[in-house]
Each structure stands twice: as structure tokens, then as C-alpha cells.
Amino acid sequence: MNEIRKNSIFTIDITDLSEQGDGIGHTDSGFALFVKDTLPGDRAEVKVIAVKKNYGFGRLEKLLISSPSRCEARCSVARSCGGCRLQHMRYEDQLAFKEKRVRELLTRIGGAQDFEFLPILGMEEPWHYRNKAQYPIGVSRDGRLIAGFYAARTHSIVENDDCLIQMPASVQVLKTVKGWMEKYHITAYDEKTGRGLVRHVLTRIGYHTGEIMVCLVINGKKIPHAQALTEALTRIDGMKGIVLNTNTRRTNVILGNRETLLWGKSRITDFIGSIRYEISAASFYQVNPVQTEKLYRTAMEFADFRGTETLWDLYCGIGTISLFAAQHVRQVYGVEIVPQAVEDARCNAKLNGIENAAFFEGRAEEVLPEKVEKEHIQADVIIVDPPRKGCAQSLLACMVQMAPEKIIYVSCNPATLARDVKYLRENGYRLEKVRCCDMFAQTVGIETVCRIVRE
Ligand code: SAH
């Protein structure tokens, strides 16, 4: 394969799409190339930009035949920004691609067959859906203040003041903060030197309430001209709270540990269905409110509660699923690692007058075995909704030992979902039903709900 050199040019047909959203094609000699911005059905002239042992990366030089899935990307920085990797693909085809990927992983890695695959839940209007934004702030090569998103796999900021998947109010907040920084010559943080004040602007918006919270992540304890910032931000309709988060570490973790309230309150309120939730800056909250409701309804349908169950909701965040389910079961127990989120969960239970939900702080893989051993608690149904890395195997082992009738697995990463399904299948469970829900339109992300039953 050594004829494949960097900078050589090939004409290839793109036949598949990778997990990252890169088109995949082969040279005549069978060498695989991953090419960003291409789609299955494209024929393209491609320049090789990196060569690995068994595959390489190419850059799209010229499109010779255009895929039927192709459409015009709406955003001007769609190619350079690391966020929307699929904007150039028609939305129906994005959905089909995601569904195919989940099915393949569940079969190939999960080893599952004969499961029912319900049609993916797509969005009617797949734009302006995100209720949460995290804009890095920096300086351009020519010294201008910029904000936007990181380019794919890098930490260089692609300037974008008008992201099309964010809710409009978030864009307004960003412009206001930038205006304040420019007016008062407030410095942006520079990752290379560790100097400069403002690192990130975070926004969170309550979809049903219109409430807005802003969090400014700063490399220091306070900001100059705070009054002016507050005045400008509170002119935005729905502004409920402005928080300063201190992060002085040289790290790419966004949030630091210290939080101070600059104005208003430190939480916003939103609804999912009829349940009211209060959400603080450090807590996880699903980013697509329209789809979240569909996701939770699917989880409830799959759980098919009778009203007498003991339910465990592992990785429960602020108790969203727990409280959604509480009215359909006898008792819910939630487990969550972030203390702030557990506090939110307890407060949310009270706020909604829900008395049959209790929350424990800690790692699910530690809390659950401990409760089983010391308190002999049991479970009729377990819902898990882990972060991208999936469940710890020790947790799955504990779940199997508890032998619930059903496990409802909600996943944002089909690869780890498939791995965990394999484990559960090998330990007495069967994958019965699957449904994907598109929480991340224009990007490669996909959310999946599985109903897994004891044999
Ligand atoms: N079910 C919730 C949250 C899902 S996100 C919702 O739909 O809103 C995953 C959650 O798992 C996050 O809140 C994260 O803080 C939490 N988490 C991550 N690792 C964990 C662990 N080992 N044990 C318990 N919770 C964990």
C-alpha cells in the first residue's frame, strides 16, 4: 500500500459514513480513505492529508458527482466548525444514517437479533433546538475578540456569533457579553499563556418558561465593570440569573469549582410534560427539550409500569426521569454523582409534591451494590442513562444479580450501548425493543432507548 502518500490525489466513490460523519471511500488498490464533508453517493477528487497503517484521511478537493443525500449547508462555517458534521446531508438521510448505525452496532457488537426496531423519532424543525451553549472566548490572529466553537479535534476557535442550532436568546447573550468586553477592554483567556480573564460564556434557557441563565467562566475571582454587564444582560427578556464561575487551572475542563452569584438566582425553571424542574449551572440537563419529552415518553412506554414497582433510575441527573416516572410506580430511587444535581433532584421532588422519590449521591457502581448488600433493596425495573462511556461492568453485574424484570437503557453512545447489551444478553437478558430519538440534529449524535427483559 505504500503508493498512498501524503498529498497524492485520488478520485474515489464514497460508499459509507463513519461514526464521526466522515465519508468513506476506497482507492482502486482498496485503501480506505476517510473524507470529511463527503457523503455516500458522492464521487470526489480527494487529497490525502494523513496516512495510517490501514487507512488514511483525505480532504475534499472537488466534487465530481453529488450524492442524492446532499443539500446546501445553512451555516457559513459548517465546514470548519466541529459542531454540525452533517449539515450538508438532508435531514431524512441524517435520520436514516443514525438508525442504520445503531442497528449495525446492536447486531454486530451487541450480538442481538430479532429485536423490534421502532422508527426513529426525528424533529419537525431541526434547527435552533439547543437550550444550552458553551462558547469559548478567545482572540483571533489579528487580535480581535472572538467567540464560537472549537474546530473538530482541536482547540482553535471557529468564530460563530450566530449558531443555527442554538436557541436565539443564547446568541443574544453572547453578543451582549462580547459588546461589554469590547467596550471595557476586558481580556479573553489565552490557552497558550494562561493569561486573560474570560474563558467561556455558558447559557441555559428554559424552553417552556423562556428563563435564561448566564454563566461566565473566568480566570480569576471577579470581573471589572460588573454593574455594566448586569445592566446589559438584564435588558434581555427572560434573564433570571448571572453566575461567575472561577476556573484558574490550565485545563480544557470548562467549569471550575467556585461559583458566585452576580445577579438574580442560580437556577432556572423548565417543564418536561407536567413536571417542573429547577436546574443549576453545574447539573446535567438534556439539551433538546422538544425531543427530551419524546425520549422520556418512549422510556415510559418501554417500561410499561403497573404502578406497584420499585424503580431505580441510575445516572439520574436532576431527577428528570425519576420524577417523570414517579407517578407510575410505587417507589423510585435515583443515583447521581454530581452533588449539585442531587440537590436539584431533591428540590424538584418537593417542588412537584412527589413523595415516593429518594436520591442518593455517589457513583452508581458503588451506591447500588452497597444498597443491595446492606439494605437488601431490590428492583422491579432499572433505568440507566449513563454518559458516553456507558455503564461500568461492575454495575451491570450488580444489576444482573438484582434480576429486575426489565432494564430500560437510555444511551447517548450506541457503541458503549452495544457493548453493554452484549454483557446483559450473555447474562440472562434479551434485547426486545429499540427506538432512536434524534436529540442532536445536524450532528452525528444519537440517543437510543432499549427495552431489555429478563429471559
Ligand atoms: N437521566 C438524566 C441524566 C443523564 S446524563 C437526564 O436525562 O437528564 C448522565 C448523568 O450521569 C449526569 O448527570 C452525570 O453527572 C452522571 N454520572 C456520570 N457518571 C456517573 C456515575 N459513575 N454514577 C452516577 N452518576 C454518574
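A polar contact is a pair of N or O atoms within 3.5 Å. The legends below describe close-up views of a predicted model.

View 1. A backbone N or O atom of Ala-364 lies 2.8 Å from a nitrogen atom of the ligand. The protein buries 91% of the 580 Å² that the ligand exposes when taken alone.

**View 2. The shell around the ligand.** The ligand is surrounded by 17 residues, and the closest are Tyr-296, Thr-320, Glu-336, Ala-364 and Asp-385. By residue class, the shell comprises nine nonpolar, four polar and four charged members.

**View 3. Strand S7 and its two antiparallel partners.** Strand S7 (residues 132-139) runs antiparallel to strand S10 (residues 198-205), to which five bridges join it. Within this pairing, Gln-134 has Leu-202 of S10 as its bridge partner. S7 is also antiparallel to strand S8 (residues 145-150), with three bridges between the two. Here Val-139 stands opposite Leu-145 of S8. Five residues separate S7 from S8 in a hairpin, and Gly-143 in the turn has a positive phi of about 85 degrees.

**View 4. The salt bridge between Lys-98 and Asp-438.** The side chains of Lys-98 and Asp-438 meet at an N to O distance of 2.8 Å. Lys-98 belongs to helix H1 (residues 91-108) and Asp-438 to the loop between strand S21 (429-437) and strand S22 (447-454), so the pair ties together parts that are 340 residues apart in sequence. Both Lys-98 and Asp-438 are buried.

View 5. Asp-161 lies in the loop between strand S9 (157-159) and helix H2 (168-183), whereas Lys-178 lies in helix H2, so the contact ties together parts that are 17 residues apart in sequence. Asp-161 is partly exposed at 24% relative accessibility, while Lys-178 is buried at 7%. Asp-142, Arg-144 and Glu-159 are linked with Asp-161 and Lys-178 in a network of salt bridges.

View 6. Glu-375 and Lys-371 form a salt bridge with an N to O distance of 3.2 Å. Both residues lie in helix H7, four residues apart, about one turn of the helix. Glu-375 is partly exposed, with 48% relative accessibility, whereas Lys-371 is buried, with a relative accessible area of 12%.

Key. Residues numbered from 1 in each chain as written. Predicted model: local features only at pLDDT ≥ 70, side-chain atom pairs only at ≥ 80, totals over all residues. Heavy atoms only, no water. Near = heavy atom within 4 Å. Polar contact = N/O pair within 3.5 Å; in protein donor to acceptor, adjacent residues only side chain to side chain. Areas by Shrake-Rupley, 256 points an atom, 1.4 Å probe, with all protein chains shown as cover. Nonpolar A, V, L, I, M, F, W, Y, C, P; charged D, E, K, R; others polar. Pairing = 2+ DSSP bridges. Salt bridge = Lys/Arg side-chain N within 4 Å of Asp/Glu carboxyl O. Buried < 20%, exposed > 50% of the residue type's maximum accessible area, 1.4 Å probe, protein only.
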